[in-house]
Amino acid sequence: MNIVDKVKRKDAIRKYIGVLGPELRKRHDKKKFYSGDEVKQALAALELSNKFIPFALALYCSKDEYEKATPQPGGKVMNYAEAKTIALNIALAGSALGSGEGD
């Protein structure tokens, strides 16, 4: 992944956390996990990029729901744990716990 794609991925994940999370809670109340359809519908309604949808799904869905809902171009699926780890690392780097630099 080149630097431009990494920046776009970071921006998308931060929007998934800052905008998508509150929208999911507004639409479906606070839950531990949301369905893949709920996440996809909220993404569409907010007109957020779905280019990095595996990260949105990993943040808000259970592992089983993630595997059902993740797009599978060419049969390849990003591992749930990997997607969740990357998304949370980016989220924490931008929080009060980190500076947001170096990711």
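Predicted model: local features only at pLDDT ≥ 70, side-chain atom pairs only at ≥ 80, totals over all residues.
Start with helix H3, residues 53–60, and helix H5, residues 80–93. Their axes lie 8 Å apart and cross at an angle of about 90°. Angles of 65 to 115 degrees count as roughly perpendicular, so H3 is roughly perpendicular to H5.

Now look at the residues that meet. H3 contributes Pro 54, Phe 55, Ala 58 and Leu 59. From H5 come Tyr 80, Ala 83, Lys 84, Ile 86, Ala 87 and Leu 88. By class, this contact holds 9 nonpolar residues, 1 charged residue and no polar ones. Lys counts as charged, and Lys 84 is among the H5 residues that meet H3.

Next, the aromatic rings. The whole structure has 3 aromatic pairs. One of them joins Tyr 34 and Tyr 60. Their ring centres are 6.5 Å apart, and the planes stand at 65°. Planes over 60 degrees apart count as edge-to-face, so this pair is edge-to-face. The pair also links distant parts of the chain, 26 residues apart. Tyr 34 sits in the loop between helix H1 (3–28) and helix H2 (36–46). Tyr 60 belongs to helix H3. Both tyrosines, Tyr 34 and Tyr 60, are buried.

Phe 52 and Phe 55 form another aromatic pair. Here the centres are 6.5 Å apart, with 45° between the planes, and the pair is tilted. Phe 52 and Phe 55 are both buried.

Key
Residues numbered from 1 in each chain as written. Heavy atoms only, no water. Axes fitted to C-alpha atoms, helices over the stretch in contact; angles between N-to-C directions. Helix = DSSP H or I, 4+ residues; strand = E, 2+ residues; numbered from the N terminus. Parallel < 35°, antiparallel > 145°, perpendicular 65-115°, else oblique. Contact = heavy atoms within 4.5 Å. Phe/Tyr/Trp six-rings, centres within 6.5 Å; stacked < 30°, edge-to-face > 60°. Buried < 20%, exposed > 50% of the residue type's maximum accessible area, 1.4 Å probe, protein only.
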